[in-house]
Amino acid sequence: MSSIFDEIVDRKNTDSLKWDCCKQRFGREDILPMWVADMDFKSPSVITEAIIRRAEHGVFGYTEVSEELTAALTGWMKKRHGWQIDDRWLVFSPSVVTSVNTAILAYTNPGDKVLLQTPIYYPFYSSIKDNERQLVTNSLRNNNGYFEIDFEDLERKLADNVKIMIFCSPHNPIGRVWKIHELKEVLRLCKKYNVILVSDEIHSDLVFSGHKHIPVSSLAEKDFDKCITLVSPTKTFNIAGLSVSAAIIPDTELRRKFRSFINKSGTGLLNIFGLEAAKAAYTNGEEWLEELLVYLEGNLNVLEEYFKKNIPQIKVIRPEATYLVWLDCKELPVPAEKLKDFFVNQAGVGLNDGLIFGQEGYGFQRLNFACPKALLSEGLERIKNAVQKLNK
Ligand SMILES: Cc1ncc(COP(=O)(O)O)c(C=O)c1O
């Protein structure tokens, strides 16, 4: 059965980071880009229509977040994630990375320790380094392809004067949806050592069947208020170019500080089209999202089967959420340092090299499967052909 997501949209010449910067990023034009986390699908028509309606108004002055948007977002959190938030807890910002930087600046001083669970989404490293804070890592444990938190190590690290833990839930790149007992343990440790928990939940709407995302802060409200949650419609509805996100901060003092740093950096003024898109998405985007999730899970099944059958040297770490898959390439007869070159120059696909996510990414690559099935098949075939040549 065909799907709206089967449509191949030509994204070249749209100033797309993924499609128009191949030469710059990978050294050649002719690769199939399967890297940065946006999707090769059109956003839901409810978003496009809302943007066109707003554009037709013709006046684009300063903006303010509307009550409709806060109601749409709080309604979404309640309906999709069972979390009743108060609209006073919301602080909007242009992006989740802006909010991570803001939290670091607002709650820590230069030299303070910030903890990451690695491998992890690479811009967080820059957030820590560029702001002159000290990086502390808690490596996730790979138990035969299933990643888990090493709580003993986490406790040891948090106990040693860590100020902020940046939590990625669901986790990019290993794709875990953390279970309730894991979330409770993270909270218990943050509370015990007085660590502020910054939970990046940007992938929380993109969860596959059999798994349930629980906002960590929803478990914490009563006994621990040092928790801030970062959400955004940009991954869910493929609108990263519209720059809109929100921080959910129940604690008044943490919220005041966060807002004051947003104001200081001048990032509090939001883009009209981002706000319109977010409102439309959270109000009317659910049906589209349900269809998208079915399509993405179908792609994941195709991909997993394909690797098992045709490229068994590459092990798929099946994600429980996100449209990003972590590929264990350690059995390929290619040194880890040469994997990037192999995928670009032999296979002709642009992936994210595992090492950018931290040293735990040694021997891994990250592949984005949010594309029409025909493109996915093309990418998989390119990889198979290159691996077959290696084996000859
Ligand atoms: C875990 C995670 N956080 C944040 C982002 C980026 O969010 P934003 O564009 O809102 O900064 C991404 C994008 O891939 C991500 O995977």
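Does Asp15 count as buried or exposed, and how many C-beta neighbours inside 10 Å does Asp15 have? Hi everyone, let's start there. Asp15 counts as exposed, because it has 9 C-beta neighbours inside 10 Å; the cut-off for exposed is 12 or fewer other C-beta atoms within 10 Å, buried needs 20 or more, partly exposed is in between, and C-beta atoms are placed from the backbone.

A word on the model. It is predicted, so local features need pLDDT of at least 70 and side-chain atom pairs count only at pLDDT 80 or more, while totals for chains, interfaces and linings use all residues. Residues are numbered from 1 along each chain as its sequence is written.

Back to Asp15: its phi is near 60°, a positive value in a residue other than glycine. Thr322 also has a positive phi, near 75°. Thr322, however, is buried, with 30 other C-beta atoms within 10 Å.

Where is Thr322? Its place is in the loop between S11 and S12. Strands here are DSSP runs of E with at least two residues, and helices are runs of H or I with at least four, numbered from the N terminus. S11 and S12 (residues 324-328) run antiparallel and are joined by three bridges; strands pair if DSSP finds at least two bridges between them. Val316 stands opposite Leu327 in S12. The open sheet has four strands in the order S11-S12-S15-S14, with antiparallel pairing. S11 (315-317) and S14 (352-353) are at the edges with a single partner strand each, so one side of each has no neighbour in the sheet.

Last stop, the cis peptide bonds. One joins Thr118 and Pro119, with omega about 5°. Another runs from Asn172 to Pro173, with omega near 20°.
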